[in-house]
Each structure stands twice: as C-alpha cells, then as structure tokens.
Amino acid sequence: MFESPGASHSPHLRKLGNRAVVSDLVTSDPANSVQEGYVFPLVLGEMKGASLPLPSAAILPSPILLWRFKVILFLLWGFVCCKIGWDSVMRMSADLRDLFLYEAFLYYNPLLLVTMMVWLWGVSLWVFSQGSVNYAKIFDLDQNHLTHKDIWKCSIWMTIIVPTSMTAYLYLYSHGEVSLAASQPVFLYIAVTLVLIFPFDIFYLSSRYFLLRTLWRIALPLQPITFPDFFLADILTSMAKVFSDLERSVCRMVHRQVATIAWFEADSVCGSHSVAIPLVLVFPYIWRLMQCLRQYKDTKEKATLFNALKYSTAVPVIFLSALKYHVLPDRWTSIYRPLWLLSSLVNSLYSFYWDVARDWDMSGFSRIFKFNKPNHLSNLLYGQKWVFFWVISSNLILRCTWTYKLSAHLRHNYLTVFTVTVLEMLRRFQWIFFRVENEWNKITKSSFQLPMSEMPREDEKLLGSTNHNV
C-alpha cells in the first residue's frame, strides 16, 4: 500500500546487512486492497496479545561494556607476555643475557617501530577528521579509504602479534628449543610479507595495493611525483634504521644464523661492520633525491634542486661513519672524524631550516588543531604560543640527535639507538600535521585564486559566443 513492488530492494531502505527496513505487510494486489482495514487491526491485536521475542540487538551487551572487556583482555595479555619474557631472560646466564636480548631485539625491533608508526598515523587521521583538512583529497584517496578506526584495528593486531612472537622466541630459546625459537621470527616475517602481497579481496586489498604502488613509485621515480609519493618517502627517511635492521635480520635468516652465535663476529657476512648497512641506510635519501630531480625535470623549479641538495647532505654522514671500520685509527681520528662532524652539522641545520621555512606554513601554525567540535585536546593546542616554540625547539634538537642513528660507529648500545629512533619518529609525527596543513592551504588558495589574465571579460563572452538563440 505504501510502496511499489520493487521498493523493498531500494538501497535507501536498507541498513547494514542488507536487511530491508520496510517490509511488505500486505501485498499490492488490488483484490486484497479492500481488506486492508481489517488486516491491520488483526495484526495489531496479535502483536498486543502475543509475547514477541526480543530482537538480537536488545540482548547484546553495551558497547562500553564490550570495550572494557577488550581492554581487560589486552592488559591481561600484556602482563602474561611480560611475565613469560622476564622469566625466560632470567633463566639465561649473566654473561649471555645481554647478547641474547640484543639478538631478540634485532629481529623484532623493526616490526615494533613499524607498529608504532601505524599507531601514530591513525592518530594523525583522527586529528584530520576532527578539523577542516580534507586529507582524502590531499592524498587522492577513493571513498573506500581506511579511516583512523581501521588503521587502529590494524595497529592493535600488530601490537598483539609481534610481541607474542617475541615472547615465544624468548621462551623457546631459554628452554633449549633452539630450532623452534629460530623459526618464530622467520614465520613472522613471512606472514607479514604474505599479508602485504595477498592478491585476494581481504585485508583491505585496495589500501594494500595503494601502499605497494606508492612504494614502487618511490623506488622507481619514472613518472611525475605526486604528494603521496614524496610524503611517504619523507617518512621512510625517518625509518632508515628500520631498513638497516631488516637487512641484517633477513641476512641472518638466509644464512641460518638465527639463535646462534655465528653473527657475533663483527666482520662476518651479517656482522656490524658489513658494507650493506650504510648502503641500506642511504636508500631512502637516494630515493628522495631522485624524486626532487624528477620534480625539477617536470616543473623547472629551482627550489626542488635545493631540496635535493638537502637529501644529498645525508650521504657523507652515513658513509664517513662507516669508514671507521675500514681505515686505520689514526686516519679516522685526523681526517675522517672531523669531516663526519662537519657533514653532520650541515645536514642537521639544513634539514631544520627546510622544515621550518619550506615544509611548514608559519602563518597558520596551529590551525590544524581547530576541531569542528572543540574538546580538551583542541583547547590545549589550538592558538597556543607554546605549541609554536615546542615544535621549533624539539625539531631542532631531534634533527641533531638523528645523526646518532645514521652513524654506524655510534650504534653499539641498541637501547640508545632504539630511543633515538623512537624520538625521530615522534618528530616526524608532529611534522606530519604541519606538512599536511601546508599542502591543504595551497590547495584551498589555488582553488579560490584565478589569475586576472585568465578570467574572460563580459564583452568577450558575448562577442565570442557563436550560439545566439533568440
């Protein structure tokens, strides 16, 4: 009576699960239309007299209760992993304990840092969604792109899987199951690789394809550079240590040195003096350098050449540091060490200048934190001068400490290197907000500003028209 015969299939009348909201209580047959007045009272009378079962949504627990239950399970899992890991480490002798932790840390440190970056990227998307920045337009994403909630789901699973594998490695190794312990990081690396390249439409296929395609465009900049290309490439420069540790981990897996002491020798094929370490460290900077040269080829803007010069200053920092293990100590102290210090200073100051003067928009420094619905975080950050001073000072300090990570001869203490890498990723995290805001300001300004020479006059519109309909 209230709908056409095909209305129940309309997408506007459906909710989740494709269940029709409007149901056909009566048919639209004209022969039955006379009895409509009798059908509805009968149906209503039956509904009053009968005890209908509650819908499934009414018997489900509240979302808050489910969230609390998940948090309790997560904390319980974390406690169990910490307890098993601590007991496993304490079973080792004191002289082997540090080496044992160093090896376990090497295999799982890269994936832990990637997990941290995924968490931070989810926070960035949440901040963008609260304000007026249309990040989907900036990164040229389709309507099915991942939201901050989807990113956080991925990061939660990564937070569970990676420490669980690490705990299993510690437990099995300390209890004498060396072969089973050696298989834990191998299986984890294989699983992560398979998830990324899985060709079927599960595990966010479109987003995985977008990530892999962008990585391919970064490695081979044979096409015009887009904003996602150099944005992700900049993030990869902050994760150069991750690539270095990945190379050393895969090298030991290939040469079957996992859970052995064969790699303890610094001059071994997978040792700390390997030539592959500086080569892998420099890859992200070379990729970004090639992108800048490609941009200059397409746009002829001289600023891209100065940007390329900035990334080239990281190359001597990396290779001069690696020379310490391949030259005589006297030559290192008298020649190469002063050159390394000078190149480190140039790289840090040049990068700091480019962040503040080029990558960020100084005129609207904290508008990114102006949310549509103000909350405590927005009130704390938006329009506050301390945000300006904090970002400038912390960026300068962390730009200088980042040199510590790029220098192979300073990486003896793995906990210190891990801390410096985490701080660099936090610096890149705050860099993301102002870099994306700067790009959004450029897009909005270009959409509202049209050169006067390109605007046709009214008389030209009239005289130039050849289609005069009276």
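Is Cys292 buried or exposed, and what is its relative accessibility? The model is a predicted one, in which local features need pLDDT of at least 70, side-chain atom pairs count only at pLDDT 80 or more, and totals for chains, interfaces and linings use all residues. Residues are numbered from 1 along each chain as its sequence is written, and side-chain values use heavy atoms, with hydrogens and water left out. Cys292 counts as buried because its relative accessibility is 0%, where buried means under 20% relative accessible area, exposed over 50% and partly exposed in between (1.4 Å probe, protein chains only). Cys154, at 25%, therefore counts as partly exposed.

Turning to the interior, nonpolar side chains tend to be buried together in soluble globular proteins. Here, the largest nonpolar core has 37 residues; such a core is a set of buried Ala, Val, Leu, Ile, Met, Phe, Trp, Tyr and Cys residues joined through side-chain atoms within 4.5 Å. The members that touch the most others are Phe128, Ile138, Phe139, Phe231, Trp360, Ile432 and Val436. Two or more residues come from each of α3 (94-130), α4 (135-138), α8 (227-238), α13 (329-359), α15 (385-406) and α16 (414-448), the helices being DSSP runs (H or I, at least four residues) numbered from the N terminus. Helix α16 gives the largest share, 10 residues.

A second, separate core of 21 residues includes Leu106, Met166, Tyr189 and Met253.
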